[in-house]
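Here are my comments for a first look at this entry. Please keep the viewer open while you read.

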Amino acid sequence: MTILAIETSCDETAAAVVRNGTEILSDVVASQIDIHERFGGVVPEIASRNHTAALPKVVEQALSQSRMKWKDIDIIAVTYGAGLLGALLTGVAYAKGLSYALNKPLMAVSHVRGHIAANYTAHKNLGFPYICVLASGGHSAVLKVADYDDIEALGGTSDDAAGEAFDKVARMLGLSYPGGPAIQKLAKEGTPNIVFTKRAQSRKDYDFSFSGLKTAVVNYIANAKGDINKSDVAASFQESVVFRLTDSAVRAARDFDIKRLALCGGVGANLRLREKLEEECKKYGIETYFLPLGLCTDNAVMIAAEAYFMVQKGKAFAGPDLDASANLPF
Ligand code: KG4
Ligand code: ZN
C-alpha cells in the first residue's frame with residue numbers, strides 16, 4: 001500500500017510517499033523558518049499563504065523523488081488537526097482536491113498521532129507496550145502505547161508544551177526562532193548551575209509543568225538587570241525541562257514495568273534530553289528508541305505512517321466534507 005501524505009499544520013510544508021507504513025520512498029519538507037524568524041515566531045496568516053504557494057511544488061517533488069506515478073498511489077493522507085486553522089486548511093483543501101481529481105481514498109490524520117507513528121518508521125523492532133515521550137511545540141505527554149491505536153495518556157503538561165517553553169525562553173534571551181535548537185547550542189557553552197525552581201518531585205502522578213519555570217527565568221533575568229551569563233541560563237533551563245520529562249517518563253516505565261521507551265516530537269531532537277533519558281533508562285534496564293532528527297520535527301512521513309496503521313485498523317476514510325480541526329483532541 002503506497003500512501004502520499006501532506007502536512008501543513010504549522011510552518012513546514014511537507015509531503016512524503018511511504019510504502020506499507022515504514023518504507024520511506026520520499027520525504028520533502030519546505031521549511032518557512034527563514035520567513036518567520038524575523039517575527040520571533042510563526043505568523044499564522046503568513047504560514048497559510050506560504051503553504052498555498054509551496055504545496056504544488058512540494059507534492060510534485062515528493063511524487064517524483066519516490067519514482068512513483070499518480071497511478072501507483074493508493075491513498076492520499078493529510079493532517080487535519082491539531083494546529084493553526086488556516087495552515088491546516090491549505091493542506092486539507094489540497095488533499096481533498098487530489099483525492100477527488102484522482103479518485104483515491106482520503107485518510108484524515110491527527111498530527112499528534114502522526115508524531116507517535118514516526119516511531120514505527122524508524123524502529124522496525126519496537127514492540128508493544130512501550131512508554132512514549134511526546135514533546136513538541138504544541139503537546140507534551142507521557143503515553144502508554146499498547147497498540148497502534150491503543151494509546152493512554154499517563155501524564156502531560158499542566159500548562160505550556162515543552163517546545164513552547166523552549167521558544168519563549170529563547171525569545172527572552174534574544175535567541176532566534178525556533179528556540180529549541182538555539183538554546184541547545186548555547187547551553188553547550190554553559191553550566192546548569194542556576195536553580196530556577198525546586199527540582200525535587202514527590203508527585204505520584206506523571207504530570208509536569210513548565211509555566212512556573214518560565215516565570216522563574218523571566219524573574220531571574222529581570223532581577224539580574226543585564227548581568228547574566230546567557231549560556232548558564234540556557235543550560236539551567238534546558239536541564240530543568242529535561243529533568244521534568246525524564247522524571248515522569250522513567251517513573252511511568254518503572255511503575256508499569258515497561259521496558260521500552262520511545263521519544264518523539266520536535267523536542268525529541270534535543271541531545272541533552274536523549275542523553276539523560278538514556279542514562280536513566282540504563283539504570284533500570286529500559287531500552288530507549290530515538291528517531292533521526294528529521295523524523296522528530298514536523299514531516300509528512302509520520303502522517304503517511306499513521307494513515308497506513310489507521311487503514312490496518314479499519315478506520316474509515318474521510319469524505320469531501322472533511323474539515324480542519326485546530327483543537328483536535330489527542
Ligand atoms: O514537533 P514540532 O516540529 O512541531 C510541533 O508539532 O509543534 O516541534 C517544534 C518544537 C519547537 O518548539 C522547537 O523549538 C522544538 O520543537 N525543538 C527543539 C529542538 N529542535 C526543535 N527543542 C529542544 N531542542 C531541540 N534540539
Ligand atoms: Zn509537530
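Predicted model: local features only at pLDDT ≥ 70, side-chain atom pairs only at ≥ 80, totals over all residues.

The points below take the domains, their contact and the ligand in turn.

1. The domain assignment gives two parts. Domain 1 covers 2–115 + 296–312, and domain 2 covers 127–294. Domain 1 is therefore written as two segments, as the assignment lists it. The C-alpha centres of domain 1 and domain 2 are 27 Å apart. In their contact, domain 1 supplies 15 residues and domain 2 supplies 20 residues.

2. How much area is buried between domain 1 and domain 2? The figure is about 1,400 Å². Carbon and sulfur atoms give 63% of that area.

3. Now the polar side of the contact. Between domain 1 and domain 2 there are zero salt bridges. Six residue pairs are in polar contact there, with both residues at pLDDT 80 or more.

4. Look at the face of domain 1 that touches domain 2. Helix 1 (33–37) and helix 4 (111–122) are the elements that give two or more residues to it. Helix 4 gives the most, with three residues. By type, the residues of this face are seven nonpolar, five polar and three charged.

5. Turn to ligand 1. It is surrounded by 21 residues. The closest are Gly137, Asp167, Gly180, Gly266 and Asn270.

6. His111 places a polar side-chain atom 3.0 Å from an oxygen atom of ligand 1. For Gly163, a backbone N or O atom is 3.1 Å from a ligand 1 oxygen atom. For Asp298, a polar backbone atom lies 3.0 Å from an oxygen atom of ligand 1.

Methods: Residues numbered from 1 in each chain as written. Chains lettered and ligands numbered in written order. Heavy atoms only, no water. Contact = heavy atoms within 4.5 Å. Buried area = accessible area lost by both parts, 1.4 Å probe. Salt bridge = Lys/Arg side-chain N within 4 Å of Asp/Glu carboxyl O. Polar contact = N/O pair within 3.5 Å; in protein donor to acceptor, adjacent residues only side chain to side chain. Helix = DSSP H or I, 4+ residues; strand = E, 2+ residues; numbered from the N terminus. Nonpolar A, V, L, I, M, F, W, Y, C, P; charged D, E, K, R; others polar. Near = heavy atom within 4 Å.
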